[in-house]
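Please look at the sequence and the structure before reading on.

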Amino acid sequence: MATPNSDSLVIGGGLAGIVTALELLRAGQRVTLVDRDTPERFGGLALWAFGGMALVGTPLQAKMKIADTPERALADWLRFGELAPDDRWPQAWARHYVEHSRSQVHDWLVHEGIKFMPAVNWVERGLNGDGNSLPRYHVVWGTSRFMTLRLIEQLRAAGSGGKLTLLHRHRVTQLDRAGGRIAGAVAVDEASGAQVHLQAPVVVLAMGGINGGHEETRRNWPADRPMPKTLLNGAHPFADGRLHRAAAADFGAQITHAGEMWNYAAGFPHPYPHFEGHGLSTIPCKSALWLDHRGERIGPQPLVTGFDTHWLCQQVAAQDKPWTWHLLNWRIAAKEFAISGAEHNQRIRDRQFPAFLKETLLGNHRLVRQMQQQSPHFLVADTLAELAAKMNALTASHDVDPARLQATADAFDANFANGSKLENDDQIRRILHARQWGPDRLRTCKPAPLQLKGAGPFIAIQMQLVTRKSLGGLQTDLQSRVLDASGQPIDGLYGVGEAAGFGGGGASGKRSLEGTFLPGCILTARAAARHIGTGG
Ligand SMILES: Cc1cc2nc3c(=O)[nH]c(=O)nc-3n(C[C@H](O)[C@H](O)[C@H](O)COP(=O)(O)OP(=O)(O)OC[C@H]3O[C@@H](n4cnc5c(N)ncnc54)[C@H](O)[C@@H]3O)c2cc1C
């Protein structure tokens, strides 16, 4: 079966595909957008994402007296990501990002009716101050879900009158060639099993990352980095890398930096998984003690979130067992515990400002109670001995000696015995530094003993490494054209979003400044659409 010819075929209905299709329709093209998922899940990962965005030189930064510039952001980006100076396209995309995130992401989204929350956050500061040198993490009001649904509305409006053909539950299995160049793709209707030929002289690959399955992730994992025995999956289950490989095998596309991934160190199984192995990624509590499987604090440098996610992942991956523990109390959890994504940030997602403010100021007891009820990995007990027993029951082991757990807590609490002037602990130092910035102060407890009277009960959360984003992908130029081995654009073939490593086949290098993914999708999609729309 063949569908009506289109000017462009977009493969993948995530944020990158949706923005590409929207901009192409606005440029007057007839577009086919094909997605493997169900209509309810149209929007890909962006439907579930939080909506944090690294943006440079925004009005909100200016209002908060944050003197950011593209030059400063670029220096941060290149240093933190350790991008090789001769890695041409990732370098070019990094520059493009910092120079255009304001106009092409921030201003564009505002024009589309999206608002940002009124505070800029300071994430990924770098273990040694080598990350974001100032705050630039903006949060979409309504989360990424609201933004995605809004853009889907705009897509449908722009595609009215038959200009848009939208196919859900169709899996592209092959790219088509005619007359020596790309000519469309073959898809399988997942409901009927029928093959569909989708003809178009331009094909945009927007099928997401390459590390959505553990087999592929393990294959791509760099040999010199520790890999835990088990992993949770926080990526898209359809991100199987097959179309990347088809583009490479049939058209000479280059897949670069496939081993670079943006994983998270503190995940636990989704209580109601959407797919096998589905993990939630927590925003780990800065004040929780991060322990190994025996209940001993990992060190000598304690693990604290908000500075270097990549480093945290290396540390937990190098542990003897594939899980670690967070030891905290209810006081800390209510103020600091959060889970990444739209699903568990209800107040922001549903734009309930008074309720959001109340939970920020008085604590999100609702989420803590919810996890206590829903997750067997979230343990609550009145005493440390009882907690140790629960930890051992969960792992069916005697790994956690209650006396050792008590000693771990006592050693930390001893910092407070002689007043705040005699504290000497790197985690406390980092927390005090984080609290200097207003929005972090609101979400981070003042350092206090773990066994502070009235702060209980105690909580232990069993954490595992959760995979999330593929940082590598198809190598592309600044017009998002997919490049061949000689660096030449492959006629009619484009790559956007995570499929293209957020630009250039790996714009982030080894580390992201965080929140660079959604904007990277928008930037690469708009670059492709601009080039295609002006005649390629
Ligand atoms: C919980 C969570 C929180 C996140 N929070 C943030 C955040 O705050 N900030 C940020 O910047 N990033 C965040 N991200 C990451 C961000 O959401 C993704 O990197 C981004 O949305 C990727 O978009 P994409 O369009 O490139 O790919 P995807 O969203 O993966 O979409 C790819 C689409 O392609 C389809 N597809 C795949 N294979 C085929 C095929 N063979 N045929 C047809 N269709 C196919 C899939 O069905 C899917 O719909 C988060 C991600 C998650 C999961």
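## Two domains

The C-alpha centres of domain 1 and domain 2 are 32 Å apart. The model is a predicted one. Domain 1 is made of two stretches of the chain, 8-260 and 471-533, while domain 2 covers 274-466.

## Overall size and secondary structure

The chain contains 17 helices and 21 strands. Along its principal axes, the C-alpha trace spans about 75 × 50 × 45 Å.

How does the radius of gyration of the chain compare with that of a compact globule? A compact globule of 536 residues would have a radius of gyration near 24 Å, and the chain has 24 Å, so the two agree.

## The interface between the domains

The size of an interface is often given as the accessible area lost when the parts come together. For domain 1 and domain 2, the area buried between them is about 3500 Å², and 63% of it is on carbon and sulfur atoms. On the side of domain 1, the residues that lose the most area to domain 2 are Leu-127, Trp-141 and Leu-232, which together make up 22% of what that side buries.

Counted by residues, 40 from domain 1 are in contact with 37 from domain 2. Polar contacts are found across the interface for 17 residue pairs, counting those with both residues at pLDDT 80 or more. Helix H5 (143-158) and strand E10 (232-233) each supply at least two residues of the side of domain 1 that touches domain 2. H5 gives the most to that side, with three residues. By type, the residues of domain 1 that touch domain 2 divide into 25 nonpolar, seven polar and eight charged.

## Salt bridges

Side chains of opposite charge can pair when their charged atoms come close. How many salt bridges does the structure hold? The number is 33. Between domain 1 and domain 2 the count is two.

Arg-511 forms a salt bridge with Asp-308, and the closest N and O atoms of this pair are 3.1 Å apart. Another salt bridge is formed by Arg-245 and Glu-216, with the closest N and O atoms 2.8 Å apart. This pair links distant parts of the chain: Arg-245 is in helix H7 (residues 242-251) and Glu-216 is in helix H6 (residues 214-220), 29 residues apart.

## Backbone details

Which residues are joined by cis peptide bonds? Pro-300 is in the loop between strand E14 (289-291) and helix H8 (309-317). A cis peptide bond also joins Gly-456 and Pro-457, where omega is about 0°. Pro-457 is in the loop between helix H16 (438-443) and strand E18 (458-470).

Thr-143 has a phi near 60°, a positive value in a residue other than glycine. Thr-143 is located in helix H5, the helix that gives three residues to the side of domain 1 that touches domain 2.

Terms used: Residues numbered from 1 in each chain as written. Predicted model: local features only at pLDDT ≥ 70, side-chain atom pairs only at ≥ 80, totals over all residues. Heavy atoms only, no water. Domains from an automatic or database assignment. Contact = heavy atoms within 4.5 Å. Buried area = accessible area lost by both parts, 1.4 Å probe. Salt bridge = Lys/Arg side-chain N within 4 Å of Asp/Glu carboxyl O. Polar contact = N/O pair within 3.5 Å; in protein donor to acceptor, adjacent residues only side chain to side chain. Helix = DSSP H or I, 4+ residues; strand = E, 2+ residues; numbered from the N terminus. Nonpolar A, V, L, I, M, F, W, Y, C, P; charged D, E, K, R; others polar. Rg over C-alpha atoms; globule rule 2.2 N^0.38 Å.
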